[in-house]
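Here is my note on the model you asked about. Have a look at the structure first, and then we can go through it point by point.

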Amino acid sequence: MDTLLHDLRYAGRSMLRTPGFSLATVLVLSFGIAATTATFAMVNTVLLRPLPFNEPDRLVQLFETYTVPGGSGRGSVSVPNYRDWREQTTSFEDLALASFTASANLQSGGEPERLAALSVGTNLFDVLQARPLQGRALAEGDENVVVLSEALWQRRFAGEAAVLGSSITLDGALYVVIGVMPASFRFPVEAGPAVDVWLPLQPGERQAQNRNSHAFRVVGRLKPGVSPEAAQTELRQVVARLVEQFPSLEGRSAVVVPLRTVSLGSVRTPLLALLGAAALLLLVACANAANLLLARATVRNREVTIRAALGATRARLVRQFLMESAVLTVLAAVSGVMLAWWGSEAATAATS
């Protein structure tokens, strides 16, 4: 231990004798570490972390696909087709309908505010197996009720439980607050504005009857042991029967996509490319630091010769140089992580 402390003190004195070299080495490594750390944190959050739902691997989103002379693709679902899918398939525990994020004017609890609102089937929270932070989620038969996000609850209602059961005005209509979803709950799962309120979905009469009114998304939970591929095979058989029954669906089919894949959208490839670029930057930083250390070693020949003449063994010299490199590395790692944290906080503040 005494030898280790002696090596550490000597390394500190050596760095203070050459502050320019020490600072340059630490800066080169810290920038590479900061870039890699920040990028990996982003990749971990977006690509590696599981969705905040129970058994997320069983959650899928269902799309209608189409083939036309100009091409093919996938898109939203009509209400009648959703109802038939729900009734005629056996691969899913349940399917839920949801609209696309819209906006609503909040006219209660202070100054008017434009909110991100989502109308969803009353069984959506059961399909996702999501539990509210306060109150309850939507239930069958609910009308003119609303579930708040935790962010909105804290921002406009000071986190008071008394808001449950009270009425708020959205777009001139009264809604009763029945629950608050925790901040960890995120639906839709795609990147985009955070939803402030969830409302019961009430399709218009035309949408409820028109199979060509493709305006909704469908989320499902697979039964245990059922793969997305097996569910898709069954779903396409159901769609084929519907096409025979309703000629207006000619060219239509369906696809089942894991919700995790939907949440990534088109960001997976750019993020992986960014992570690769950050790793390459770290490699270049390490190479530059190694070159600095080699350049430093060439001017220490006289020091090494004198210490060897005084009896220092080769192992003793190597251990000392390793200690100096370790101190530089630790300083660079600490400063790099701090720089990455500061950059992440600054980016979050700039986008909020």
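Leaving aside its neighbours within four places in sequence, which residues is Phe53 in contact with?

1. Phe53 touches Leu59, Leu128, Phe185, Arg186, Val189 and Leu259 once neighbours within four places in sequence are set aside; contact here means heavy atoms within 4.5 Å. Before you read on, please note that this is a predicted model, where local features need pLDDT of at least 70, side-chain atom pairs count only at pLDDT 80 or more, and totals for chains, interfaces and linings use all residues. Residues are numbered from 1 along each chain as its sequence is written, and side-chain values use heavy atoms, with hydrogens and water left out.

2. Now the overall picture. The protein chain has eleven helices and twelve strands, taken as DSSP runs numbered from the N terminus (helices H or I, at least four residues; strands E, at least two). Of its 352 residues, 41% are buried, where buried means under 20% relative accessible area, exposed over 50% and partly exposed in between (1.4 Å probe, protein chains only). Among contacts between residues at least 6 apart in sequence, 76% join residues at least 24 apart.

3. Phe53 also belongs to the largest nonpolar core, which has 25 residues; Phe53, Val120, Phe125, Leu128, Phe185, Phe187 and Trp198 have the most contacts inside it. Such a core is a set of buried Ala, Val, Leu, Ile, Met, Phe, Trp, Tyr and Cys residues joined through side-chain atoms within 4.5 Å. Two or more residues each come from E3, E5, helix H4 (124-128), strand E7 (145-149) and strand E9 (173-181), and H4 gives the largest share, four residues. Another core, of 22 residues, lies apart from it and includes Leu62, Val77, Leu97 and Ala231.

4. Helix H3 (residues 79-88) is worth a look too. Its buried residues are Val79, Pro80, Asn81, Tyr82, Asp84 and Trp85. They pack against strands E1 (59-68), E3 (92-98), E11 (217-222) and E12 (252-258), and against helices H6 (205-209) and H7 (228-245).

5. On to charges: the structure holds nine salt bridges, each a side-chain nitrogen of Lys or Arg within 4 Å of a carboxyl oxygen of Asp or Glu. Arg58 pairs with Glu55, with 2.6 Å between the closest N and O atoms, and also with Glu93 at 2.4 Å, N to O. Because Arg58 sits in the loop between H2 and E1 and Glu93 in strand E3, the latter pair ties together parts that are 35 residues apart in sequence. Arg58 counts as buried at 14% relative accessibility, whereas Glu55 is partly exposed at 40% and Glu93 is partly exposed at 43%.

6. A further salt bridge joins Glu113 and Arg156, whose closest N and O atoms are 2.7 Å apart. Glu113 is in strand E5 (residues 113-120) and Arg156 in helix H5 (residues 150-157), so this pair links parts 43 residues apart in sequence. Arg156 is buried, at 15% relative accessible area. Shared partners join Glu113, Arg155, Arg156 and Asp196 into one network of salt bridges.

7. Finally, the surface. The chain exposes about 18,800 Å², 60% of it supplied by carbon and sulfur atoms; areas come from the Shrake-Rupley method with a 1.4 Å probe, and for residues only the protein chains shown count as cover. Leu23, Leu27, Phe31, Leu339, Trp341 and Trp342 make a nonpolar patch of about 680 Å². Helices H2 (19-48) and H11 (314-351) each give two or more residues to the patch. Patch members have over 30% relative accessible area and no salt bridge, with nonpolar side chains (Val, Leu, Ile, Met, Phe, Trp, Tyr) joined within 5 Å and like charges within 9 Å. Leu339, in helix H11, is partly exposed at 31%.
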